[in-house]
Amino acid sequence: MIYFSRSGNTEAQAQLASDVLRADRYELVVQQPYPANYAASVARATEERESQQWPILDLSDFPSLDQYQLILLGHPIWAMTPANPMYQFLAQMGQQLANKRVASFSTNAGYGAGDTQIVLNKLTPASTRMLPNYTVHDIELAKTTQAFKQWLQKMVIVK
């Protein structure tokens with residue numbers, strides 16, 4: 001599982017997924033962390049997106065994906081699309097998802113998954129098998145734990 005979390009919501013989902021599936025986790029880390037202040041973080045993310053100057057990721061310890069058949073991608077939704085660090089990861093490393101099954105889980109502020117599936121399809125090889133995504137309004141995390149666990153179990157058995 002590969003994930004990015006700014007505020008901790010997606011990290012909580014990634015931890016739960018890791019526990020349920022006994023899966024390895026890799027956290028995407030940006031070289032220049034986003035501000036803790038929400039408005040400042042939104043301003044930076046907007047500027048990055050508009051200028052297409054994506055954040056620099058520290059991938060120095062990124063593991064080989066050869067041993068994995070299923071890759072889960074966890075990320076928040078920013079402006080109706082995957083967060084900039086996940087976009088950058090896919091642009092940089094998406095080719096490593098060739099011939100893999102990929103499922104995305106995301107947290108959002110109430111507007112859903114946006115164009116997540118379109119972005120994933122655009123930034124991964126044609127041989128990548130995209131599975132249904134899961135998204136949850138961030139204030140609903142505690143109430144949707146069982147639904148998330150069920151989704152995880154379905155992703156494991158989908159071939």
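Student: Where does Arg22 lie?
Tutor: Arg22 lies in the loop between α1 and β2. This is a predicted model, so treat what follows as computed from it.
Student: Is Arg22 buried or exposed?
Tutor: Arg22 is exposed, at a relative accessible area of 77%.
Student: What is its phi?
Tutor: Arg22 is not a glycine, yet its phi is positive, about 55 degrees. As background, most residues other than glycine have a negative phi.

Student: Switching to rings. How many aromatic pairs does a search of the whole structure find?
Tutor: The search finds 11 aromatic pairs. One of them joins Phe4 and Tyr34, edge-to-face, with 6.0 Å centre to centre and 65 degrees between the planes.
Student: Why does that pair tie together parts that are apart in sequence?
Tutor: Because Phe4 is in the loop between β1 (2–3) and α1 (9–21), while Tyr34 is in the loop between β2 (26–27) and α2 (38–51). The pair therefore links parts 30 residues apart in sequence.
Student: Are those two buried or exposed?
Tutor: Phe4 is buried, with a relative accessible area of 5%. Tyr34 has 10% relative accessibility and counts as buried.
Student: What about Tyr134 and Phe148, why is that pair tilted?
Tutor: Their ring centres are 5.0 Å apart and the planes are at 50 degrees, so the pair is classed as tilted. An edge-to-face label would need over 60 degrees, and a stacked one under 30.
Student: Which elements hold them?
Tutor: Tyr134 is in strand β7 (residues 134–137) and Phe148 in helix α5 (residues 145–157), so this pair ties together parts 14 residues apart in sequence.
Student: How accessible are Tyr134 and Phe148?
Tutor: Tyr134 has a relative accessible area of 12%, which is buried. Phe148 is at 0%, and counts as buried.
Student: Which residues form one aromatic cluster with them?
Tutor: Phe105 and Trp151; with Tyr134 and Phe148 they form one aromatic cluster.

Student: Back to Tyr34. What sits over its ring?
Tutor: The charged end of Arg44, 3.9 Å from the ring centre.
Student: Which side chain does Arg44 meet in a salt bridge?
Tutor: That of Glu48, at 2.8 Å, N to O. Both residues lie in helix α2, four residues apart, about one turn of the helix.
Student: Are they buried or exposed?
Tutor: Arg44 is buried, and Glu48 is buried.
Student: How many salt bridges are found over the whole structure?
Tutor: Two. Glu140 also forms one with Lys143, where the closest N and O atoms are 3.4 Å apart.
Student: How accessible are Glu140 and Lys143?
Tutor: Glu140 has 25% relative accessibility and counts as partly exposed. Lys143 is exposed, with a relative accessible area of 66%.

Student: And Thr144, where is its place?
Tutor: Thr144 is in the loop between β7 and α5. It is buried, with a relative accessible area of 17%.
Student: What is Thr144 in contact with, leaving aside neighbours within four places in sequence?
Tutor: Tyr134 and Val136.

Student: Last topic, the nonpolar cores. How many residues has the largest one?
Tutor: It has 27 residues, and those with the most contacts inside it are Ile2, Leu28, Leu59, Phe62, Leu73, Phe89 and Leu90.
Student: Which elements each supply at least two residues of this core?
Tutor: β3 (70–78), α3 (84–93) and α4 (116–123). The largest share, five residues, comes from α3.
Student: What does Leu59 contact, apart from neighbours within four places in sequence?
Tutor: Leu59 is in contact with Tyr26, Leu28, Phe89, Gln92 and Met93.
Student: Which residues does the second core include?
Tutor: That separate core has 17 residues, and Tyr3, Leu70, Phe105 and Tyr134 are among them.

Key: Residues are numbered from 1 along each chain as its sequence is written. This is a predicted model: local features need pLDDT of at least 70, side-chain atom pairs count only at pLDDT 80 or more; totals for chains, interfaces and linings use all residues. Side-chain values use heavy atoms; hydrogens and water are left out. Rings of Phe, Tyr and Trp (its six-membered ring) pair if their centres lie within 6.5 Å; planes under 30 degrees apart count as stacked, over 60 as edge-to-face and the rest as tilted. Buried means under 20% relative accessible area, exposed over 50%, partly exposed in between (1.4 Å probe, protein chains only). A charge sits over a ring if NZ of Lys or CZ of Arg is within 6 Å of the ring centre and within 35 degrees of the ring normal. A nonpolar core is a set of buried Ala, Val, Leu, Ile, Met, Phe, Trp, Tyr and Cys residues joined through side-chain atoms within 4.5 Å. Contact means heavy atoms within 4.5 Å. A salt bridge is a side-chain nitrogen of Lys or Arg within 4 Å of a carboxyl oxygen of Asp or Glu.
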